Amino acid sequence: MLTNAPKGTKDILPDQIYKWHFVEDRFRKICKAYGFKEIRTPMFEHTELFQRGVGDTTDIVQKEMYTFDDHAGRSITLKPEGTASVVRSYVEHKTYADVQPTKDYYIIPCFRYEKPQSGRLREFHQVGLEIFGTPDMLADCDVISIGHDFLDEMGVKDVELRINSVGCPKCRAAYRKALQDFLRPHYDELCETCQDRFERNPMRILDCKSPEDQEIVKDAPLMLDYLCEDCRKAFEEVKDGLTAMGIDFVVDPKIVRGLDYYTKTAFEFVSNKIGAQGTVCGGGRYDNLVEEIGGPATPGVGFGLGIERLLLLMEANGYEIPEPDPLDVFITVMGEKAKLKGLDIIHRLHLAGISAQMDLMSRNVKGQFKYAARLGARYTVVIGEDELDRGVAQLKDMDSHEQTEVELDDIVEELKRRTR
Ligand code: ATP
Ligand code: MG
């Protein structure tokens, strides 16, 4: 136990980290292009934030949160998702008083106590973003297009954009009643979780993964048929916007999303290439969340995208993430004096921004050469006693095997020139 990471967590090892850096760097770039700035919120929040924000009838709050009391008896929860914290921060710092909209993005670990499987972990990572302050459906289109462009840039080709409208509190009441009326005769056949949802949150029954329940809801009434004029118009605007950008989508009236806060637009990017955990990105509009958390009524829209699932998809699509540059320079030394000279040169190479290493394990010369090859050094510099006496070093290009004698005083400049 001591030497196993907790169930549902994974080390990201140094030889794999380049993939994460790649995905994160590209996400940062795209966000920047769209005018978003990064926000970093704490890894944990007051439990109440998620109960209120995510909704206490959701699976996340009821079953999946990592909640504990701190030493002063406060109930604390590790972030199960990103939006609630960003909203809390927006209210706390009165960001709504600035020029709107506010555009934030984040790269975060999330924690959910779930049954681990491929693409489903207990600690996972998300990139995500939020736009606050505008009811305009252009913002929804903006957010969806970022998700689309990012997945496209990451070589994910087979993913389907599914959109829906989950309405607003005004039109949802009538729908809720219609849905309950439809489900009531089947109540006893529903799974236990959905029986519980029947009163608390009946729309979530549409999203149940049990095949029996899916069969029952097959002909259930749909929110889209109950939208009020305002929500109906908004949904048309989103579809028009996506069409104008040439972004393909399908309307999926069964998307309800797992979080309570959504209003109007709800969307998912789904792939069938990575098994059951096919939803790589989910998001939508949440026009009441800021007010719910204690701020002034402020609309918002955003998404979260799972990095682990994205990496699985990139692999399934055969996308080759470029491996990082190997080492620029390895310095092989013979004798104590050469060692000190090597240390001085390596220090100057580092100051010049060139990656350079020398042996730290007292290897003999042959061992040093083998080690340099293993590190994939582009150049090796050899300083032996004879070289040191003559004030030179042997510089070897490991690709062409060409060897040149270079003055020790010039070696840093020469390597700067070659590695530029
Ligand atoms: P699912 O239906 O697969 O449980 P979800 O609706 O709970 O997903 P969201 O809360 O919308 O997911 O989170 C956004 C994204 O975060 C998901 O689309 C997915 O890529 C990722 N994600 C969610 N839960 C996990 C998890 N346990 N492990 C890995 N990634 C996850
Ligand atoms: Mg889930």
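Asp344 counts as partly exposed, because its relative accessibility is 32%. Here buried means under 20% relative accessible area, exposed means over 50%, and partly exposed lies in between (1.4 Å probe, protein chains only). Asp344 forms a salt bridge with Lys341, and their closest N and O atoms are 3.5 Å apart. A salt bridge is a side-chain nitrogen of Lys or Arg within 4 Å of a carboxyl oxygen of Asp or Glu. Both residues lie in helix H12 (residues 336-351), three residues apart, about one turn of the helix. Helices (H or I, at least four residues) and strands (E, at least two) are DSSP runs, numbered from the N terminus.

A word on the source: this is a predicted model, in which local features need pLDDT of at least 70 and side-chain atom pairs count only at pLDDT 80 or more, while totals for chains, interfaces and linings use all residues. Residues are numbered from 1 along each chain as its sequence is written, chains are lettered from A and ligands numbered from 1 in the order in which they are written, and side-chain values use heavy atoms, with hydrogens and water left out.

## Salt bridges

A search of the whole structure finds 34 salt bridges. Here are some of them.

| Pair | Closest N and O atoms |
|---|---|
| Glu38 and Arg28 | 2.3 Å |
| Asp59 and Lys63 | 4.0 Å |
| Lys341 and Asp344 | 3.5 Å |

Glu38 is partly exposed, with a relative accessible area of 28%, and Arg28 is partly exposed at 26% relative accessibility.

Asp59 and Lys63 share helix H3, where they are four residues apart, about one turn of the helix. Asp59 is buried, with a relative accessible area of 16%, whereas Lys63 is partly exposed at 47%. Salt bridges that share partners join Asp59, Lys63, Arg197, Arg204 and Asp207 into one network.

## The three-stranded sheet

Strands of a sheet pair through backbone hydrogen bonds, either parallel or antiparallel. In this model, three strands form an open sheet in the order E2-E4-E3, with antiparallel pairing. Two strands pair if DSSP finds at least two bridges between them. Strand E2 (44-46) and strand E3 (67-69) stand at the edges with a single partner strand each, so one side of each is left without a neighbour in the sheet. Neighbouring strands of this sheet are turned by 35° against each other on average, direction ignored. Axes are lines fitted to C-alpha atoms, for helices over the stretch in contact, and angles run from 0 to 180 degrees between N-to-C directions.

Let's look at the pairs. E2 and E4 are joined by three bridges, and His46 stands opposite Ile76 in E4. E3 and strand E4 (residues 75-78) also pair over three bridges. Thr67 stands opposite Thr77, and Asp69 has Ser75 as its bridge partner. Five residues lie between the strands in the hairpin of E3 and E4, and Gly73 there takes a positive phi near 85°.

Which residues of H2 are buried? They are Thr47, Leu49, Phe50, Gly53, Val54 and Gly55. Seen down the axis of H2, the buried residues fall within an arc of 160°, so they line one face of the helix. The arc is that of the directions from the helix axis to the C-beta atoms. Their cover includes E2, helix H3 (59-64), E3, E4, H4 and helix H10 (289-292).

Lys79 lies in the loop between E4 and helix H4 (83-92). Lys79 is buried yet has no salt bridge, and the nearest side chain of opposite charge, Glu45, is 5.6 Å away. For charge, Lys and Arg count as positive and Asp and Glu as negative, while His and the chain ends are not counted. Not counting residues up to four places away in sequence, Lys79 touches several residues, among them Phe44, Phe50 and Phe111. Contact means heavy atoms within 4.5 Å.

## The eight-stranded sheet

Eight strands form another open sheet, in the order E1-E5-E6-E11-E10-E9-E7-E8, with mixed pairing. Strand E5 (residues 102-111) and strand E6 (residues 123-132) pair in the antiparallel sense over ten bridges, and Cys110 has Phe124 in E6 as its bridge partner. Helix H9 (residues 229-245) lies across strand E7 (160-165), E8 and strand E9 (263-270), running at about 160° to E7.
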